[in-house]
Amino acid sequence: MSERLGELKHMLTIAFLSGFAELLMKPVIIDVTVAAVCSDPNDSCSFAVYLTGVQQVTVGLGTMVMMPLIGNLADRYGIKTLLTLPMCLSILPSAILGYRRDTNFFYAFYMIKTLFDIVCQGAVDCLAQAYVAKNIATRKRISMFGVLAGVKSISGICATFAARFLPVASIFQVSSISSFVAVVHMLVFLKESLHDNDDNDFYDDDRNDQEIHDGGDLRMLAEPILRDAQIKTHVFTSVKNMVSLINNSTILVQALVVTFFATFSQSGMNSAFMYFLKARFGFNKNDFAELMLLVSIIGSISQLFILPILVSAIGERGMLSTGLLMESFSAACLSLAWSPWVPYATTVFVPGVMFVMPSVCGIASRQVGSAEQGKVQGCISGVKSFAEVVAPFVYSPLTALFLSNDAPFYFPGFSLLCISLSWMIGFLQSILIKDVPSSTLNNEISNTSNEEA
């Protein structure tokens, strides 16, 4: 593990700096938005909720197309090359609010960030996951996905701690500086590949893993079914590549369905939760920062220490189902929150959401070889973007309605209850994912290789 962490230290540094820049703005952006567009800062202000929803839809539509394309281009031209553009674009929006935050500058920030996020949002995470999948053997891959997610959580701890004490102007300035340092570090230090002989040495651990599976201990899901397939990436468009990958793996399809409902739920939570807390309990920047700091601490501990233990004990599928069930219960409790301490108490369920995407990425990455990791992570990001498009159409109007005086009945947390049901649908789908016996798997690999050849 320590050797792999050493190899990935530059990508982990980039993920930390990028995550820090992004999450530093999160505790304060609600207050800045409400102050810029609402007449009464203490109002629930439906217009601010709708602005956030429109931004999510616009960005989601763009990234739904861009993420699979970026993943496909990363396989062709290299991950480092594709990282450059989104990381450079992410510097400008925070710099605008670092200069001024009145209504005109806020709208300038809003439009530029919306346009840039079509390329930027999720790109660093997508390419970082592809980089890990490309350079880490299958047996160790899900643990490293957990480490990558844990580093993102640690960046959240540092970001929310800084946001708690920094003045508002400094928050956006520090965010821009962090983005700039991440770009410089990536250009100077990041290597495109950590392996000289990707096809031979890289899969030695995979072959050993297969022997263990044959011995009867089958906790991990299927091995890659396209590892030996000779796919010429310059022939296919990104959409055809997605269809080709999906047609070759039922497990990948099931993982993408779980990804949709998990992201749909999480995006809905992002649309509703902070506005719910502000309208219901009067939360402000400091309250948001304290809550997010607690979430980040618990999340990072879960991903760095608990996740590797659980994946060995119950496997990827079991960990995925556990995480989804915990999130469903958490959202249900939040929907009934009657006091400001309830959101803090429900952070006990934070490990659930931290388990979901590393498990999905681990399951999906095992369905293809190293040369197609960009495509499969692009598929996941594309599905996430589609879910992020759909969610605001449902949850933004629902949240605005039930936080207003025109609600059909008094239930401020009704949208959170709907989110809980969405998590439950993802949980039910996750328990349908089946393990594939090694003998069947070997036949699939052989047949797919012959057909593609």
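1. Start with helix α2, which covers residues 9-24 in this predicted model. Its 16 residues reach 22 Å from the first C-alpha to the last, close to the 22 Å expected at 1.5 Å a residue. Have a look at which of its residues are tucked away: the buried ones include Met 11, Leu 12, Ile 14 and Ala 15. Further along α2, Phe 20, Ala 21, Leu 23 and Leu 24 are also among the buried residues.

2. Now zoom out. The protein has 19 helices and zero strands. Of its 453 residues, 56% count as buried. The accessible surface comes to about 18400 Å², and 63% of that belongs to carbon and sulfur atoms.

3. What about contacts along the chain? Taking those between residues at least 6 apart in sequence, 85% join residues at least 24 apart.

4. Is Leu 398 buried or exposed? Leu 398 counts as buried because its relative accessibility is 18%, and the cut-off for buried is under 20%. Setting aside neighbours within four places in sequence, Leu 398 is in contact with Phe 414, Ser 415 and Cys 418. Cys 418 is 20 residues away from Leu 398 along the chain, and their C-alpha atoms are separated by 9.5 Å.

5. A word on confidence: the average pLDDT is 77, and 79% of the residues score at least 70. Over residues 206-237, though, the pLDDT is below 50, and this stretch has 86 contacts in the model beyond near neighbours in sequence. Residues 436-453 also have pLDDT below 50, with 26 such contacts.

Terms used:
Residues are numbered from 1 along each chain as its sequence is written. This is a predicted model: local features need pLDDT of at least 70, side-chain atom pairs count only at pLDDT 80 or more; totals for chains, interfaces and linings use all residues. Side-chain values use heavy atoms; hydrogens and water are left out. pLDDT is the predictor's confidence in each residue, from 0 to 100. Contact means heavy atoms within 4.5 Å. Helices (H or I, at least four residues) and strands (E, at least two) are DSSP runs, numbered from the N terminus. The expected span of a helix is 1.5 Å times one less than its number of residues. Buried means under 20% relative accessible area, exposed over 50%, partly exposed in between (1.4 Å probe, protein chains only). Accessible areas come from the Shrake-Rupley method with a 1.4 Å probe; for residues, only the protein chains shown count as cover.
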